[in-house]
Amino acid sequence: MRKQIVAGNWKMNTTPAEGAELAKAVAELSKETSANVSLIVAPPFTHLCSVSEALKGSKVALSAQNCADQAKGAYTGEVSAQMIASLGASYVILGHSERREYYGETSETLNKKMALAYANNLAPIYCVGEKLEERESEKHFDVVRAQIEEVVFQLTPEQFDQLIIAYEPVWAIGTGKTATADQAQEMHAYIRSVLAEKFGDKANNCSILYGGSCKPSNAKELFAKADVDGGLIGGASLVASDFIAIAKSF
Ligand code: PEP
């Protein structure tokens, strides 16, 4: 019933030429993956056009890693949701912990970005997750609940239908330290229960991805859990064969 999804967040990696090659390799290898598994790649803004070309005719969908919190105008250096959508993207990652941490993104900013994403037919991949000290002080459930209540609870039921959530414990991102499959399942089930408070049975249709040092060697165990519907993959998405091996891990 729920979509199984593997999404690659390339972050600020690859030149445009390398990105186009990576996209071509992912598109080619995607033929080996199950029809039940959706694939998404999120290259840097500068690569959206050429990656969009490279993915044409394949099952791999295109995402941006961020969008502006304003529709258009005098916002030097920003890239709007409309621009992203016009290049063929269907998704946008919002609320990644690196954006929250290094660029000061708050729930207020994210609500504006969410609205603009939906207005331009981009489905958000909304990231939530606690920092190490928050888990160690057992505040992880409260932190994730607040990230959901402040942003996801502001959506209409129709908007919620399009949403993908990624649970990414900050202490596991790019550290090589993965949450155990049981830790992931515990949080994913909790997230679904929080979503159900607002959206009822629709919460059962929402794909919740795990992110944080997910790789071919641990994806199978993570994806076997009942509430883990796939992964948001950073480092391992930069190697086409690893990304596809993860997509074959359901
Ligand atoms: C991410 O940043 O979304 C991520 C999951 O990164 P990594 O897989 O490299 O931990």
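This is a predicted model: local features need pLDDT of at least 70, side-chain atom pairs count only at pLDDT 80 or more; totals for chains, interfaces and linings use all residues.
Residues are numbered from 1 along each chain as its sequence is written, and side-chain values use heavy atoms, with hydrogens and water left out.

Eight strands close into a barrel, with parallel pairing, in the order β1-β2-β3-β4-β5-β6-β7-β8; helices (H or I, at least four residues) and strands (E, at least two) are DSSP runs numbered from the N terminus, and two strands pair if DSSP finds at least two bridges between them. Neighbouring strands of this sheet are turned by 30° against each other on average, direction ignored, where axes are lines fitted to C-alpha atoms, for helices over the stretch in contact, and angles run from 0 to 180 degrees between N-to-C directions.

Within this sheet, β6 (residues 164–167) pairs with β7 (residues 208–211) in the parallel sense over three bridges, and Ala166 stands opposite Leu209 in β7. Across β5 (123–128), β6 and β7 lies helix α9 (residues 181–199), which runs at about 145° to β7; contact here means heavy atoms within 4.5 Å.

Around the ligand there are 14 residues, of which Lys11, His96, Glu168, Gly174 and Ser213 come nearest, a residue being near if one of its heavy atoms lies within 4 Å. An oxygen atom of the ligand is 2.5 Å from an N or O atom in the side chain of Lys11, and polar backbone atoms are found 2.6 Å from a ligand oxygen in Gly174 and 2.9 Å from a ligand oxygen in Gly234. The protein covers 95% of the 290 Å² of accessible area that the ligand has on its own, by the Shrake-Rupley method with a 1.4 Å probe.

Lys11 also belongs to the loop between β1 (4–9) and α1 (16–29), and its phi is near 55°. Thr14, found in the loop between β1 and α1, has a positive phi of about 75° although it is not a glycine. Most residues other than glycine have a negative phi.

Methods: A polar contact is a pair of N or O atoms within 3.5 Å; within protein, one must be able to donate a hydrogen and the other to accept it, and residues adjacent in sequence count only if both atoms are side-chain atoms.
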